[in-house]
Structures are given as structure tokens and as C-alpha cells.
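Work through the exercises below with the structure in view. Each task is followed by a solution in steps.

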Amino acid sequence: MSPREVFLHLVHGVADGNLNELADLYGEVTDVRHPMATPESEPLTTRRALQEHFTVPPEVRESLPKRRVVDVIVHETTDPEVIVAEFAYEFTLPEGSVAKVPCVFVMRVRDGQIIESRDYIDPIRTYTARGDLDRLIASLRKGAS
């Protein structure tokens, strides 16, 4: 798969809740970072770490709001392995309203596998869309002390 195809497979897999197969999109050795994560997260450097990252208990998965991928723009670079992808996850909240979470991924894909990625995801809008803003606030308070 091309870098664009790998990216699309990844984000649509996340949105559709098909998480079990997503770690296979990554190399055995990789470098995935979430620079905007709150609380801060460690780099994910192996496929096994990605498998754990994508493992969500069924009861938690079912409680998450439905989402879809929108506003996709993929920028190809002079390096054929690297893309910059802008998009948003659009969450449909329980009361029917919609919340958009803007994202930018900078990915290096070699031989159809992600070997490096920087995933910039708006943490405030993510926690708000998941109905978990209290968790974000607690995390920020903890980090400030």
C-alpha cells in the first residue's frame, strides 16, 4: 500500500472501531509519538506497543461516541515515504450533536508499513467529544503540582 492508502486504512480503522488489525500497519520497529497528548505519553517503538495501544476493552469501546473521518487532505512530499495528512474525527454525541477533533499526522511509510509517525490530535476537543473532560482537567491539575 502507498503511504496515503496506509494512512486512510489507519484512520478509518480507528473510526470504525476495527482496532485489532491496526498494529499490523506498523513496522516491527517504529517510532510513533503523540506530541500533544495529555497526559504526556511515551513513544511507541514496537508493533507490540502499538497492539497494546489499540487494545480497548469491549465495554469501553461500546461506550465511546460514534465517529467518522472527515475533511481529509493528504500532502505528498518530495520524499516518497513521507506524507502530511490533515483530517478530523467527527464524533456524534449521545444527544445527537457533532464534535470535530482536528488532527495532523506526519508519517513515514516504507514497504507498506508505518515506521515513523507524529500524530497531532487536539486533546481538549478529544476529551470533550468523549465526554471525559473531567479526566483531562484532573490530568492537568496533576501535572501542575
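**Exercise 1.** Give the strand order of the open sheet in this predicted model, and find its edge strands.

Solution. Step one: the open sheet has 6 strands, in the order β2-β1-β6-β5-β4-β3, and its pairing is mixed. Step two: β2 (44-46) and β3 (66-76) each pair on one side only, which makes them the edge strands. Step three: on average, neighbouring strands of this sheet are turned by 20° against each other, direction ignored.

**Exercise 2.** Determine in which sense β1 and β6 pair, and name the bridge partner of R33 in β6.

Solution. Step one: strand β1 covers residues 26-33 and strand β6 covers residues 113-121. Step two: the two pair in the parallel sense, over 4 bridges. Step three: R33 has R118 of β6 as its bridge partner.

**Exercise 3.** Locate L133 and decide whether L133 is buried, partly exposed or exposed.

Solution. Step one: L133 lies in helix α5 (residues 133-144). Step two: the relative accessible area of L133 is 35%, so this residue counts as partly exposed, given that buried means under 20% and exposed over 50%. Step three: together with I124 and I137, L133 forms a nonpolar surface patch with about 240 Å² of accessible area.

Key: Residues are numbered from 1 along each chain as its sequence is written. This is a predicted model: local features need pLDDT of at least 70, side-chain atom pairs count only at pLDDT 80 or more; totals for chains, interfaces and linings use all residues. Side-chain values use heavy atoms; hydrogens and water are left out. Two strands pair if DSSP finds at least two bridges between them. Axes are lines fitted to C-alpha atoms, for helices over the stretch in contact, and angles run from 0 to 180 degrees between N-to-C directions. Patches are made of residues with over 30% relative accessible area and no salt bridge: like charges are joined within 9 Å, nonpolar side chains (Val, Leu, Ile, Met, Phe, Trp, Tyr) within 5 Å. Accessible areas come from the Shrake-Rupley method with a 1.4 Å probe; for residues, only the protein chains shown count as cover. A salt bridge is a side-chain nitrogen of Lys or Arg within 4 Å of a carboxyl oxygen of Asp or Glu. Buried means under 20% relative accessible area, exposed over 50%, partly exposed in between (1.4 Å probe, protein chains only).
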